[in-house]
Amino acid sequence: MKKTLLSTIMMCCCMIAMAQPQGFGFGGFGRPQANPDFKDINYAGDDLEAHRLDIYLPKTDAKSYKVIIAIYGSAWFSNNMKGMTYMSLGKPLTDAGFAVVCINHRSSGDAKFPAQINDVKAAIRFIRAHAAEYKLDTSFIGITGFSSGGHLSSLAGVTNGMKTRTVGSTTVDIEGSVGNDLNQSSSVDAVADWFGPVDMARMNKCETVNDGKSPEAALIGGAPADLPDMVSLISPITYVSPSCPPFIVFHGQADTVVPHCQGVYFSEELKKAGKLKEFISVPEGQHGPVTFNEDSFKKMTDFFLEQAAKK
């Protein structure tokens, strides 16, 4: 099993890394250096690597900057890939004037769901509580991520204000109690989902659940077919409502890791709820390569700038 998990991690990382030829960054940008203004800040009050974040500020002289949280993809198997997050999604956002907060979270090997969304929400609360220390304007907090990071970003958005969630006989603590800033809100104002797995009931050929060796099985601690309540509880699509923040969704039509239908299904539900700004379906787009491109990045930054201007 450990070899299977490691192979999956490496596959996901390689797919993202191949987005451009060696020496070039995603979307044709020069590959950005991961040199944060504030590095390895622990947001949970402990010593876990999984509970650290980095903050990147724009190269301007503003007193503070509106915020985008960014989350890496790893099939939930990694607890320390925040540097890769900025290299994939961060530079266009700092160039657009946002502070980018790249966070780690516990892996599925560290703890089962809902630990991962508990960590995301703890990081958001920390950012609000400590905004003045890091030149952050938390009147607007957007969130984005790719692959499993897209899943966690989407789940953070659709669970704004939600403490617990019950499906059937299973209840999970969505908000959690990680960190020392429990008096702060963990809500976000806008979400950009990059090819996240959002409907775990239809991951296999767009029809049914994956098997017991899948990343989502590791996330919930058992075969999805045996845990239908948990399949629903980890699926952002089941939470969509008119109270959600606005979303933009990106998915490549040639994605062989997370099926393109995931983006289609999610966008349809968001549109019904009046919360879809745009669905960017990228021809020939793979799981990172081609889907990450200059036009897609501009659509992301324009979306966040539009939403931030309303705050």
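Trainee: How many aromatic pairs does a search of the whole structure find?

Mentor: The search finds 15 aromatic pairs. Keep in mind that this is a predicted model. Take Tyr56 and Tyr86: their ring centres are 3.8 Å apart and their planes meet at 5°, so this pair is stacked, as planes under 30 degrees apart count as stacked. Tyr56 belongs to strand β2 and Tyr86 to helix α2, so the pair links distant parts of the chain, 30 residues apart.

Trainee: Are Tyr56 and Tyr86 buried or exposed?

Mentor: Buried means under 20% relative accessible area. Tyr56 has 3% relative accessibility, so Tyr56 counts as buried. Tyr86 has 8%, so Tyr86 is buried too.

Trainee: Which parts do Phe146 and Phe195 tie together?

Mentor: Phe146 lies in strand β5 and Phe195 in the loop between β8 and α5, parts that are 49 residues apart in sequence. Their planes are at 50° and their ring centres 6.5 Å apart, so this pair is tilted. Ring pairs also link both residues with Trp194, Phe250, Phe292 and Phe297 into a cluster.

Trainee: How many residues of β3 are buried?

Mentor: In β3, 6 of its 7 residues are buried, making the strand mostly covered.

Methods: Residues numbered from 1 in each chain as written. Predicted model: local features only at pLDDT ≥ 70, side-chain atom pairs only at ≥ 80, totals over all residues. Heavy atoms only, no water. Buried < 20%, exposed > 50% of the residue type's maximum accessible area, 1.4 Å probe, protein only. Helix = DSSP H or I, 4+ residues; strand = E, 2+ residues; numbered from the N terminus. Phe/Tyr/Trp six-rings, centres within 6.5 Å; stacked < 30°, edge-to-face > 60°.
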